[in-house]
Amino acid sequence: MSRLVHSPSAYVRSLQMSKQDIFVFVEGGLDRSFYDRLLHNEISRKNISYEIRAAKELPGETGGKSTLLSFFQSLKNLGKLTDESLGKKFSCIFFLDKDIDDFSRKKIKSPHVIYTSTYDLEGHLISCGDLILAIADSCGITRIQATKLIGNQNDFLKNSILNWQDWVTLCMISQVESINIGCTYERGSAINEDGVSDVDHVKLNKFKISLALKLALSEDDFENLYLQYRNRLTREISKGNFLRFFKGKWFGFILQQHMNKHLKIPDANQNSIGDKVMVALLGQVASKSPCCCCEPFCQAIDKVTENFL
């Protein structure tokens, strides 16, 4: 039996009747566990109560980022992002993957909406976590063995992303221009065979031609546009912002392919390495203080919770 679906107004009434101070809305997947660890670390000690709800728990039950954005807009229109009723106060926080909303100028400016600084939460976990330790834990090997497999963490990330930079550029153009010809953030690279090989320039050029046709641009004009996007991407990579435009979920696939080729240690666990590494990275969050994975969110959280202190 499916659960009762409330209208936004009825859902707000259920929030007003709850005893929680903060209601947190997330997309799903790893998000619920990550933000629970984050908030437990940051606000539980302040005697502020919170409850986390995933997008599929909201009216409509369709889930995903679009559901969160729609519900945020409903609360904003109702004036209920912060509310006080019968002496009880509550506030709402929406945690969202940034995707490339900042680049495409779709990012919402509200203290109640908090974005990842990377493309997605997986990218944030990779950027702030100990990848060597996560690989060791996931594969049942030592840190020294894990280090020999990927070398320096930052170099491995940088080189992996540089190898995919043409695919990321195609995806950025497709996303900003709202064009789907097969090069989207919803799939891994179709121009890097098996994820770790060099770019297949024949396949790359086919995507370029298709995008140019959709945009009604000459070959030269499209190449200029392509270079603008690619240069923006490489500038971020050169500054160390490897995962600003690169989808963190892709990295699990790249890591799996790399391990399939190079992990030859007897009895090492080689199954579902990408997923296991993400869970291992999640387990590092708030495991010690200060937490570098928590820090980027703290100031934004403080702005919403200051009225409860």
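A definition to begin with: two strands pair if DSSP finds at least two bridges between them. Strands here are DSSP runs of E of at least two residues, helices are runs of H or I of at least four, and both are numbered from the N terminus. On that basis, Phe94 stands opposite Val113 in strand 5, and strand 4 and strand 5 pair in the parallel sense over three bridges.

Some housekeeping. This is a predicted model, in which local features need pLDDT of at least 70 and side-chain atom pairs count only at pLDDT 80 or more, while totals for chains, interfaces and linings use all residues. Residues are numbered from 1 along each chain as its sequence is written, and side-chain values use heavy atoms, with hydrogens and water left out.

Back to strand 4. Strand 1 also pairs with strand 4 in the parallel sense, over four bridges, and there Phe25 stands opposite Phe94. Strand 3 (residues 82–85) runs antiparallel to strand 4, with four bridges joining them. In that pairing, Lys89 is the bridge partner of Glu84. The hairpin of strand 3 and strand 4 has two residues between the strands, and Leu86 in the hairpin takes a positive phi near 55°.

Ile22 has Tyr50 in strand 2 as its bridge partner.

How covered are these strands? I call a residue buried under 20% relative accessible area, exposed over 50%, and partly exposed in between, using a 1.4 Å probe and protein chains only. Strand 1 (residues 22–26) has five of its five residues buried, and strand 4 has eight of its nine. In a regular strand the side chains alternate between the two faces of the sheet. In strand 1, Ile22, Val24 and Val26 point one way, Phe23 and Phe25 point the other way, and all are buried.

Next, the rings. Rings of Phe, Tyr and Trp (its six-membered ring) pair if their centres lie within 6.5 Å; planes under 30 degrees apart count as stacked, over 60 as edge-to-face, and the rest as tilted. By this rule the count is 21 aromatic pairs. One of them is Tyr35 with Phe95: the centres are 4.1 Å apart and the planes are at 15°, so the pair is stacked. Tyr35 is in helix 2 (residues 31–42) and Phe95 in strand 4 (residues 88–96), so the pair ties together parts 60 residues apart in sequence. Both residues, Tyr35 and Phe95, are buried.

Last, the cysteines. Taking a disulfide as a pair of cysteine sulfur atoms within 2.5 Å, a search of the whole structure finds one. Cys128 is joined to Cys293, with S to S at 1.8 Å. The link of Cys128 and Cys293 is right-handed, with 90° about the S-S bond. Cys128 is in helix 4 (residues 121–128) and Cys293 in the loop between helix 12 (273–284) and helix 13 (295–305), so this links parts of the chain 165 residues apart. Cys128 and Cys293 are both buried. Cys292 is in no disulfide, and its nearest cysteine sulfur, that of Cys293, is 4.7 Å away.
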